[in-house]
Amino acid sequence: MTQKINWQTWLAGLLILVLLAAPRSRLNVGAPLYFIDVLAFILLISPLNGSRYSWVPKTPFSQIIYVYLVFIIFSELRGMMAYGTLVDSIYMTGRFIIGISVFFTLPKLVSSEFDLTPVLKGVVIGTLASSVMVIMYSLGPLRPLIVGTLYSSEILNPGWERLVQAVQVFGAGEAAMRGRSLVGAATLTAGFIASVWPLSFLAYKRFETSILWKRIALATTIIAPIGVLMTYGRGAWIMVGCVIILIAFFGMASARKILLMAVAGAVIMFTQFEIDSDLIYIERVIQSSQDTIENPFADVSTTERLFSYVEPFEHLAENP
């Protein structure tokens, strides 16, 4: 029998695409109206006609979501009483509730492997778009092109003026910079891309019957880690290394083949072609790693991270 995908499932795929490519995109209609909130709200209130399940299976993780939501509401109420921001607190509470609702609507929509198709399409397109933006922003010769178009859009990138000023100060000429996307700063961007990168391997396997989508998924599997690495964060490089190790030991055969091809291509490119050192920023990772190992308390940012790892509860109490 031919299965039919609900329009809500396609809407969920679009939501994931926007979340990965331009999550801060919005329109100002008296108050900022974010596109991801609109999509999530439609999913929340729309009847799931044809859905095979009308309920969300309860898991231990569901209880954590409820606790998280309670903390958010409590935090907003505390902020409202402390600063007298009634409208702002109600607005942010509503946004958080809508965002968390996706945790409950997705299991209703994706109840079979067939339903994964729209979701995976949103994943590969959104991840590929963000990865390409990261690479273009990091490379000096391409940076003006991306900054002057997508990054200067008030709809896609609210507050873009500060970004342009930073580029003029730190990215003058063709100097390499830490890559970033419309998701946000380098660290946040790396976290987004690295988290969903393994799903591109699943998409590559899933889209065997479609040459176009199979090639898009393949491009995502190869370009996504390059984008993560070009954020030039220590954590980002570790994340890529961990995913490669996991795939090498536990991944599908096709995933291993893709990794081997990508690594071989990178080795050939760096050994056979002369690459301008000004286009890359590897010394940032090397220097910051050495500084952390030799004197982890010299830098405030590194010190805070260290305390959050070794003394998490004390650190949380001092930074509520």
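Colleague: Which residue lies over the face of Tyr-204, and at what distance from the ring centre?

Modeller: In this predicted model, Lys-214 lies over the face of Tyr-204, at 3.8 Å from the ring centre.

Colleague: Why is Ser-130 called buried?

Modeller: Buried means under 20% relative accessible area. Ser-130 has 2% relative accessibility, and therefore it counts as buried. Ser-130 belongs to helix H5, which covers residues 116–138.

Colleague: What does the side chain of Ser-130 reach?

Modeller: The side chain of Ser-130 reaches the backbone oxygen of Leu-20 at 2.4 Å. Beyond its neighbours within four places in sequence, Ser-130 has contacts that include Leu-20, Ser-181 and Ile-193.

Colleague: How many aromatic pairs are there?

Modeller: The count is five aromatic pairs.

Colleague: Why is the pair of Phe-207 and Trp-213 called tilted?

Modeller: Planes under 30 degrees apart count as stacked and those over 60 as edge-to-face, with the rest tilted. The planes of Phe-207 and Trp-213 stand at 55 degrees, so the pair is tilted. The ring centres are 5.9 Å apart, and both residues, Phe-207 and Trp-213, are buried.

Colleague: Which residues do ring pairs link into a cluster?

Modeller: Tyr-66, Phe-103 and Phe-104 are linked into a cluster by ring pairs.

Methods. Residues are numbered from 1 along each chain as its sequence is written. This is a predicted model: local features need pLDDT of at least 70, side-chain atom pairs count only at pLDDT 80 or more; totals for chains, interfaces and linings use all residues. Side-chain values use heavy atoms; hydrogens and water are left out. Helices (H or I, at least four residues) and strands (E, at least two) are DSSP runs, numbered from the N terminus. Buried means under 20% relative accessible area, exposed over 50%, partly exposed in between (1.4 Å probe, protein chains only). A polar contact is a pair of N or O atoms within 3.5 Å; within protein, one must be able to donate a hydrogen and the other to accept it, and residues adjacent in sequence count only if both atoms are side-chain atoms. Contact means heavy atoms within 4.5 Å. Rings of Phe, Tyr and Trp (its six-membered ring) pair if their centres lie within 6.5 Å; planes under 30 degrees apart count as stacked, over 60 as edge-to-face and the rest as tilted. A charge sits over a ring if NZ of Lys or CZ of Arg is within 6 Å of the ring centre and within 35 degrees of the ring normal.
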